[in-house]
Amino acid sequence: MSTMPIAFKRRLILSLAGLALALPVHAHHGWSSYDADKVITMEVPLQAVRYRNPHAEVEVDYEGRRWEVVLAPISRMQARGLSEEMLQVGKTVRIVGYPKSDGSPELRAERITVDGKTVELR
Amino acid sequence: MTAPDWAAALEASALGEWMRGAVWAYPAVNLLHLLGMVLLVGAIVLLDLRLLGVGRRLPLPEVSALLTPVSIAGLLIMLATGPLLFAADAGPLSVQPLLQVKLLWIVLGVANALLFRSWWGRRLADWDDRPPAMGRVQAAASLVIWLGVAAMGRLIAYA
């Protein structure tokens, strides 16, 4: 075929790959993700528990706001001994984690202490 | 934006419940979805590159005969597993713009592939001598579309 010189072909392939990677993203909490410089430790009662995949979430009230706390996949929590029965609404737990960089009340939990037992979640 | 009733019903269904609650359901289905993506995108990218003139020592009809079924198998696996992943979080996902764009691109990609087959499917043997401009545009579009679909699929987790 054709006539496309190799250098041009190479450029074509590279720019196509570049296009695919440069797609715009409409993130709903912001693409920004979590701020690892800002460690938050909260000792609070659980207001809601969703022990589920792809990761469990709990809700807590902290400094006047309702926070959504992202834990880990079910299989990891079970492997590390954090069962569904241990996470009961009303139980006070200690959570250490990083907040969303955009300031929304969402925390990525690094570890959680329940009934005196600390479980790493990453 | 609130989720439509059908999405809320799907999320609350036994299927949605199972996808969230069973320890291995979500990871296993996710793994299959990735397998489908590897087969689909891997095969289609190689075929598109061949159509654009890469690897011309390999006869195009044979390359196409090998890679087309692989990409179709990958697409079918993705179509079977995607709705299961969707069911776990149907409410929020039903109003997720990135997923909507991705679904639109899948429709475009499939339509592009079907049109390509019907226009050029019988002309692959002499493709290298007289490659139709439109066919090559379609091959390039296919590359962009399927890599874009794969990227959007992954990025939904961060959106």
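**Reading rings, helix contacts and backbone angles**

Colleague: I have S94(B) as buried, with a relative accessible area of 12%. Which residues does S94(B) touch, leaving out those up to four places away in sequence?

Modeller: Please keep in mind that this is a predicted model. Burial here means under 20% relative accessible area, so S94(B), at 12%, falls in that class. Its place is helix α5 of chain B, residues 90-94. Beyond its sequence neighbours, S94(B) touches A3(B), P4(B), W6(B), A7(B), F86(B) and Q100(B).

Colleague: Let us turn to aromatic rings. How many aromatic pairs does the structure hold over all chains?

Modeller: The general idea is that a pair of rings is described by the distance of the centres and the angle of the planes. Over all chains there are 4 aromatic pairs. One of them joins W6(B) and F86(B), with 5.9 Å centre to centre and 20 degrees between the planes, and is classed as stacked. This pair links distant parts of the chain, since W6(B) belongs to helix α1 (residues 5-12) and F86(B) to helix α4 (residues 60-88), 80 residues apart.

Colleague: Is W6(B) buried or exposed?

Modeller: W6(B) counts as exposed, at 53% relative accessibility.

Colleague: What sort of aromatic pair do F116(B) and W127(B) form?

Modeller: That one is tilted: the centres are 5.6 Å apart and the planes make 50 degrees. F116(B) sits in helix α6 (residues 97-120), W127(B) in the loop between α6 and α7 (133-155), and 11 residues separate them.

Colleague: What sits over the ring of Y34(A)?

Modeller: The charged end of K100(A) does, 4.9 Å from the ring centre.

Colleague: Now helix packing. At roughly what angle do the axes of α2(B) and α4(B) cross?

Modeller: They come within 7 Å and cross at roughly 85 degrees. An angle between 65 and 115 degrees counts as roughly perpendicular, so α2(B) is roughly perpendicular to α4(B). On the α2(B) side the contact uses L15(B), G16(B), M19(B) and R20(B), and on the α4(B) side L84(B), L85(B), A87(B) and A88(B). By class, the contact has 6 nonpolar, 1 polar and 1 charged residues.

Colleague: And chain A: how many helices and strands does its secondary structure have?

Modeller: Chain A has 2 helices and 6 strands, in the order α-β-β-β-α-β-β-β from the N terminus. Of its 122 residues, 39% count as buried. Among contacts in chain A with a separation of 6 or more, 54% are between residues 24 or more positions apart.

Colleague: How should I read the backbone here? Which peptide bond is cis, with omega near 0 degrees?

Modeller: Most residues other than glycine have a negative phi, and most peptide bonds are trans. The bond from N53(A) to P54(A) is cis, and P54(A) lies in the loop between β1 (40-50) and β2 (57-62) of chain A.

Colleague: Where is E63(A) placed?

Modeller: E63(A) is in the loop between β2 and β3 (65-70) of chain A. Its phi is positive, near 50 degrees, and E63(A) is exposed at 69% relative accessible area. D115(A) also has a positive phi near 50 degrees. D115(A) lies in the loop between β5 (106-114) and β6 (117-120), and is exposed with a relative accessible area of 54%.

Notes: Residues numbered from 1 in each chain as written. Chains lettered and ligands numbered in written order. Predicted model: local features only at pLDDT ≥ 70, side-chain atom pairs only at ≥ 80, totals over all residues. Heavy atoms only, no water. Phe/Tyr/Trp six-rings, centres within 6.5 Å; stacked < 30°, edge-to-face > 60°. Helix = DSSP H or I, 4+ residues; strand = E, 2+ residues; numbered from the N terminus. Buried < 20%, exposed > 50% of the residue type's maximum accessible area, 1.4 Å probe, protein only. Lys NZ or Arg CZ within 6 Å of the ring centre and 35° of its normal. Axes fitted to C-alpha atoms, helices over the stretch in contact; angles between N-to-C directions. Parallel < 35°, antiparallel > 145°, perpendicular 65-115°, else oblique. Contact = heavy atoms within 4.5 Å. Nonpolar A, V, L, I, M, F, W, Y, C, P; charged D, E, K, R; others polar.
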